[in-house]
Amino acid sequence: MTEEQDERPAGVPFLRHLLGGRLRRIRERHKLSREQLGDALGLSAAIVRRLETGRNIIKVHDVNSWVAEFNLDQATADSLRAMARESKEHGWWSALDVHPSFGALVEAERLSRLIKNWEPNIIPGLLQTAAYTEAVIASARFRWKEDTPLPLDIALERAELRKQVLFGENPPKAWCILGEAALRMLIGDAALMRAQVEHLIEVCALDNITLQVLTDSSGYHVGTTGPFAVYQFSDLPGDGVAYVEQDLTFKDQPAKLARHSRQFELLMSQALDPQASRSYLQETLTKGASWGQPRG
């Protein structure tokens, strides 16, 4: 790309921003300035800056320049190329009237090698049954009284399409931690909750899904600030993004990503291990009659 090929942004701005940040961090890890990298690639420092900030379209051949210059491993190179291709297109969610954060969430999930998700109060969205999701959406639409809510069938359709990322070909790995409250809160009725717990037991047997339960008896923990997720795109340090559900924001700054990653590690250490968590889910099924009622 030359100085004259200064293209106007198109495609998916969220992905351009993420990809540009990944390219910038790779350069910074190798301690090169934009001017030095530009000289090596035959680009001006201004073009390097526009690529790294997502202001220009980032093409696969731009990614290949980074791959060759920094001798990146195959997995990282493939991940960067996939993001470059995706950043120029619009996915299935673009045809639906959805919040921009939802589209960004789907993109992050689709491009991740590892998804780490903490949910203190409800079942993680990717692991919900259709009936559980429908009950949550219907309740939220009523309680929050959105000005222009999506029709329930469309909202449910987009949620179901999103879940396919974990169950298709070459799915990412997912490590989910849910709070005990998510299993005690009555969503729908007892039969719906029983089916949901049975679904959790089934999916945590899959090779790409790990599930832990953080019980109330574990005491105070760093997850009291609310739900969040960390999406890792490769094995390179800092190559990912954190999503904070309370304010619907993505954070790819290295310090913030490291803080959320550390939070997740601490939650892992306090939660029941995967085998004990599976046993806890089995035990929950035997106490199904207590859903919606205080436990004695």
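Figure 1. The structure, which is a predicted model, holds 0 disulfides, a disulfide being a covalent bond between the sulfur atoms of two cysteines. Two cysteines are picked out in this view. Cysteine 176 has a relative accessible area of 3% and is therefore buried, while cysteine 204, at 18% relative accessibility, also counts as buried because the limit for that class is under 20%.

**Figure 2. The aromatic pair of tyrosine 243 and phenylalanine 250.** A search of the whole structure returns 1 aromatic pair. In this pair the ring centres of tyrosine 243 and phenylalanine 250 lie 4.7 Å apart and the ring planes meet at 40 degrees, so the arrangement is classed as tilted. Tyrosine 243 is itself buried, its relative accessible area being 8%.

Figure 3. Methionine 83 is found in helix α5, which spans residues 74-86, and with a relative accessibility of 0% methionine 83 counts as buried. When residues up to four places away in sequence are left out, the contacts of methionine 83 are with Leu15, Leu18, Leu19, Arg22, Leu111 and Phe233. Lysine 59 is included in the view for its distance: the C-alpha atoms of methionine 83 and lysine 59 are 9.5 Å apart in space, and the two residues are 24 apart in sequence.

**Figure 4. The second largest pocket and its lining.** By residue class, the lining of the second largest pocket divides into 10 nonpolar, 5 polar and 5 charged residues.

**Figure 5. Two loop residues with positive phi.** Most residues other than glycine have a negative phi, and this view shows two that depart from that pattern. Lysine 31, although not a glycine, has a positive phi of about 55 degrees; lysine 31 lies in the loop between α1 (13-29) and α2 (34-41), and with a relative accessible area of 72% lysine 31 is exposed. Asparagine 71, likewise a residue other than glycine, has a positive phi near 50 degrees. The position of asparagine 71 is in the loop between α4 (60-70) and α5, and asparagine 71 is exposed, with a relative accessible area of 68%.

**Figure 6. The chain as the setting for the close-up views.** The chain contains 12 helices and 6 strands, and of its 296 residues 47% count as buried. Among contacts in the chain between residues at least 6 apart in sequence, 74% join residues at least 24 apart.

Terms used. Residues are numbered from 1 along each chain as its sequence is written. This is a predicted model: local features need pLDDT of at least 70, side-chain atom pairs count only at pLDDT 80 or more; totals for chains, interfaces and linings use all residues. Side-chain values use heavy atoms; hydrogens and water are left out. A disulfide is a pair of cysteine sulfur atoms within 2.5 Å. Buried means under 20% relative accessible area, exposed over 50%, partly exposed in between (1.4 Å probe, protein chains only). Rings of Phe, Tyr and Trp (its six-membered ring) pair if their centres lie within 6.5 Å; planes under 30 degrees apart count as stacked, over 60 as edge-to-face and the rest as tilted. Helices (H or I, at least four residues) and strands (E, at least two) are DSSP runs, numbered from the N terminus. Contact means heavy atoms within 4.5 Å. Ala, Val, Leu, Ile, Met, Phe, Trp, Tyr, Cys and Pro count as nonpolar, Asp, Glu, Lys and Arg as charged, and the others, Gly among them, as polar.
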